[in-house]
Amino acid sequence: MMRILLVEPNFPIPPKSKNHRDFLPVGLLKLASFHREMGDEIKLVRGNQTFLDFYPNQVKITSLFTYWSNYVWESVKFYKETYPKAKVIVGGIYASLMPDHCKKSGCDEVFEGVDERVEKFKPAYDLVDVDYQIVHTSRGCLRKCKFCGTWRIEPKFVSKKSIKDEICSNRIIFYDNNLLANPHIKEILEELKNSKHNGRVVYSESQCGIDGRLLTPEVAKLLKQARFLSPRIAWDHGYNQKKMIKKQIDMLVEAGYPAKEIYIFMIYNFEPDYYEMLKKLKQCKRWGVQIADCRYRPLNQTFEHYNPRQKQTGKDYYIHPKWTDRQIKLFRKKVRRQNITIRHGFDLYIGELERQAAKKKREELLNKTINNRVVDYMKQ
C-alpha cells in the first residue's frame, strides 16, 4: 500500500467556482478511484498544506492553463520541501503542452497526455461537494484548430458506444472537446432521453461549444429530447460564416430551443479583429441568441495579470497584434450587456433594469427556499 497525495494548486478560482463545472479536478478524482482500487491510501487537497499524520510516497499535482504555471511551480516547491522523500509528479494541460518548461519546476516527473489506466474509473465524487457528474464520451478531436491544444494533448480520437452504466447523477456535464464527433452520439442521446437516476430524469450540458458543422435536424431534436441544456454553437472564425451559423441556430430552434437559450461560442483577442467581432456581436443580437465569449491566450503563455479595471499592456497579459487593451475590455463589456438585454427581454441595456432583474431573481430564489422548507416541515 502507498500513500498518494493528490494536489490541485491554489489556482485563482473564485471560492464560489471551486466546484464549478469548468474547474472540477476530474483527473485527480479519477486517480483517487484508481489508487483506491489498488489499495492505496489517498488524500485530496487544494493549495499547499502540511499533514502531520500523512507522509505521502507520491505527490501528484494537476495543472490547468499554461498561464497559471506559477501556481504549479509554487506547489512543486512546497511539497518537495515538505516531503523530500516523496516523488512529485505533475500532469494535466500545462504539463502536457509545455513538458520541458514544467520539468524546470523541480518536479521528479512530468506526465504527458491522458493516463489510460485511470480512464475506466468514475471520479471519486465523495471527495468533493457537487450535484453533477463529469462524463467523456470521447477523447481528442477531429479538428486541428491552431488556437486549441486538444489535438496536441490527445492526438488520437477515441469514443464510447454507451454511457448508460456510468450515470450516477441527475445532471451530466460532458467534457468532450467535440461531443458531436462521436459516431455513436445518436445512441448516447437516446440513452439520455430514457435515463433516470433516483426516479428522476437526467439533464445534461457540455463544457465546450458544439461543432455545428456536425449538427443535423435529427441530432438537434435528440439533443432537446435528451434534455440537453443551453447548447453553445462554436463560431470560431470570421463574419463570413454567418449563413452557416444561422442554419445551425435554425435547426436548434426548430427542435424546440428558444433562441435566447442558445449561445454562440466566440473567441476574441484573436485573428478576427475588434470591428469584425462587433459585426458578429450585432448579428447575434438580431438572431436573439446569447454569447459565450472566450479571450484567446497562446498555448505557450506562462503568465496572466489581466485586470479589467486598469489600463494594461502586453507585459501584463497577451494582447493580439490586431487588438488593443481598450478593445479587449470594451468587447467583453458589450458582450455582457448584450446578453443581459437578450436574457431578460430588454430593448436596450440600462443599468437599473439589470439591478431590478437581479433583485427579482434573488426574491424568487428566497421564495423557493422558503416554500421548500415549508413543504419539508409539513412532511414531518
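Predicted model: local features only at pLDDT ≥ 70, side-chain atom pairs only at ≥ 80, totals over all residues.
Visitor: At what angle do α7 and α8 pack?

Guide: Helices here are DSSP runs (H or I, at least four residues; strands are E, at least two), numbered from the N terminus. Axes are lines fitted to C-alpha atoms over the stretch in contact, with angles from 0 to 180 degrees between N-to-C directions. Helix α7 (residues 217-225) and helix α8 (residues 242-255) pack at about 50°, their axes 8 Å apart. The crossing is right-handed (near helix turned clockwise from the far one by less than a right angle; anticlockwise is left-handed).

Visitor: Which residues meet there?

Guide: On the α7 side they are P217, A220, K221, L223 and K224, and on the α8 side M251, L252 and A255 (contact: heavy atoms within 4.5 Å).

Visitor: What does K224 sit over?

Guide: The ring of Y257, with the charged end 4.8 Å from its centre (the test: NZ of Lys or CZ of Arg within 6 Å of the ring centre and within 35 degrees of the ring normal). K43 lies over the face of F51 too, at 5.0 Å.

Visitor: How many aromatic pairs are there?

Guide: A search of the whole structure turns up 20. Rings of Phe, Tyr and Trp (its six-membered ring) pair with centres within 6.5 Å; planes under 30 degrees apart are stacked, over 60 edge-to-face, the rest tilted. Take F11 and Y71: their centres are 6.4 Å apart and their planes at 70°, so they are edge-to-face. F11 is in the loop between β1 (3-8) and α1 (26-37) and Y71 in helix α2 (residues 69-82), so the pair ties together parts 60 residues apart in sequence. F11, F65, Y67, W68 and Y71 form one aromatic cluster.

Visitor: Is F11 buried or exposed?

Guide: Buried, at 2% relative accessibility (buried is under 20%, exposed over 50%, partly exposed in between, with a 1.4 Å probe and protein chains only). Y71, at 22%, counts as partly exposed. Now look at Y274 and W323: with centres 5.8 Å apart and planes at 85°, this pair is edge-to-face. Y274 is in helix α9 (residues 274-287) and W323 in the loop between β15 (290-295) and α10 (325-344), so parts 49 residues apart in sequence are tied together. Y274 is buried at 6%, and W323 is buried at 4%.

Note on methods: Residues numbered from 1 in each chain as written. Heavy atoms only, no water.
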